[in-house]
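Let's take a friendly walk through a protein model together. Keep the sequence and the 3D view side by side as you read.

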Amino acid sequence: MARAGLTTERLVRAGAELADEVGFEQVTVSAVARRFDVKVASLYSHLKSSHDLKTRIALLALEELADRAAEALAGRAGKDALIAFANVYRDYAHEHPGRYAAAQLRLDPETAAASAGVRHAQMTRAILRGYDLSEPDQTHAVRLLGSVFHGYVSLELGGGFSHSAPDTQQTWSRTMDALDALLRNWPAPAP
């Protein structure tokens, strides 16, 4: 019988909080059980495994990010939309580093297709429509933006920019300017 008050949602949220505190890789069913002072076996009526827990945390993080991005994009276009979208990812990563790491978890195709990850791709493509990119350049640009956002945030969170000037906010702003300029002047494919 499941312990009163324990639900899958509560366990996933506790796992997400734990990920932010100690790192996503450290999250296990055992660690969550210790949070609730219960035996691990009592959680298996809600969770199949640590992988199931991590997948659920990833889905939660993707949903939270998509909701924030949608709110930030409302009424924006072009460079303003690009910057708002990028800032959502950067801010979320700083506020919730474990959840941000969870959002990078590779999901099986069926789970990925049913996740908020689809909304992320749709929002990215909506931003790119303002830059008048057609396929396959739009897909190239989606991958470029994801790589730049994730690469910058990962290096920043890892302390990679903390030992030199200028301030990382200045570099972030200049990076957004450069991305906007690139997207407005996307190179033609080589003949």
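How far apart do the end C-alpha atoms of residues 5-65 lie, and how much of the span is helix? The end C-alpha atoms of this span lie 27 Å apart, and the span is 64% helix and 0% strand. Helices here are DSSP runs of H or I with at least four residues, strands are runs of E with at least two, and both are numbered from the N terminus. UniProt lists residues 5-65 as "domain: HTH tetR-type" in an unreviewed entry; such annotations may be inferred rather than shown by experiment, and their positions follow the numbering used here, with feature names shortened.

Before going further, note that this is a predicted model, in which local features need pLDDT of at least 70 and side-chain atom pairs count only at pLDDT 80 or more, while totals for chains, interfaces and linings use all residues. Residues are numbered from 1 along each chain as its sequence is written, and side-chain values use heavy atoms, leaving out hydrogens and water. The mean pLDDT (the predictor's confidence in each residue, from 0 to 100) is 92, and 98% of the residues reach 70 or more. Confidence is lowest in α2, at a mean of 90, and highest in α4, at 97.

Now look at residues 28-47, which the unreviewed UniProt entry annotates as "DNA-binding region". This stretch is 40% helix and 0% strand, with its end C-alpha atoms 11 Å apart. Helix α2 covers residues 29-36, and Val29, Ala31, Val32, Ala33 and Phe36 in α2 are buried (under 20% relative accessible area, found with a 1.4 Å probe on protein chains only). These buried residues pack against α1 (8-22) and α3 (50-73). Just after α2, aspartate 37 takes a positive phi of about 55 degrees.

Next, find arginine 90 in helix α4, residues 78-95. Is arginine 90 buried or exposed? Arginine 90 counts as buried because its relative accessible area is 7%. Leaving aside neighbours within four places in sequence, arginine 90 is in contact (heavy atoms within 4.5 Å) with Tyr152, Val153, Glu156, Thr168, Gln169 and Trp172.

Notes:
Buried < 20%, exposed > 50% of the residue type's maximum accessible area, 1.4 Å probe, protein only.
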